[in-house]
Amino acid sequence: MELLKVITAKELANSMGVHVNTAKSFIKDIKQEYAITTVLLCHVNSYFKVNAK
């Protein structure tokens with residue numbers, strides 16, 4: 001169920017080692033890509049292809 005976790009810009013910045021403003025930009029891009037309003041961890045993984053095989 002961890003894939004359904006809502007992720008914030010601060011959490012994303014800490015996990016990726018980037019600045020909060022960069023994380024906000026990533027979240028904005030993800031929202032536009034998937035036409036969503038709430039970004040979940042699964043969206044981040046899919047967007048950055050973390051789970052790609």
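Select tyrosine 47 to begin: it is partly exposed, with a relative accessible area of 27%. Here buried means under 20% relative accessible area, exposed means over 50%, and partly exposed lies in between (1.4 Å probe, protein chains only). This is a predicted model, in which local features need pLDDT of at least 70 and side-chain atom pairs count only at pLDDT 80 or more, while totals for chains, interfaces and linings use all residues. Residues are numbered from 1 along each chain as its sequence is written, and side-chain values use heavy atoms, with hydrogens and water left out.

**The aromatic rings**

Two rings of Phe, Tyr or Trp (its six-membered ring) pair if their centres lie within 6.5 Å; planes under 30 degrees apart count as stacked, over 60 as edge-to-face and the rest as tilted.

Phenylalanine 48 counts as partly exposed, at 30% relative accessibility. Select Phe26, Tyr47 and Phe48 together to see one aromatic cluster.

**The salt bridge**

Next, select lysine 5 and glutamate 11. They form a salt bridge, with the closest N and O atoms 3.1 Å apart. The term means a side-chain nitrogen of Lys or Arg within 4 Å of a carboxyl oxygen of Asp or Glu. Side chains of opposite charge can pair when their charged atoms come close. Both partners are partly exposed: glutamate 11 has a relative accessible area of 33%, and lysine 5 has 36%. A search of the whole structure finds 1 salt bridge.

**The whole chain**

Now clear the selection and show the cartoon. The protein has 3 helices and 0 strands, in the order α-α-α along the sequence. Helices (H or I, at least four residues) and strands (E, at least two) are DSSP runs, numbered from the N terminus.

Switch to the surface. The protein exposes about 3,900 Å², and carbon and sulfur atoms supply 56% of that area, as computed by the Shrake-Rupley method with a 1.4 Å probe. Of the 53 residues, 25% are buried.

Last, consider contacts, meaning heavy atoms within 4.5 Å. Among contacts with a separation of 6 or more, 36% are between residues 24 or more positions apart.
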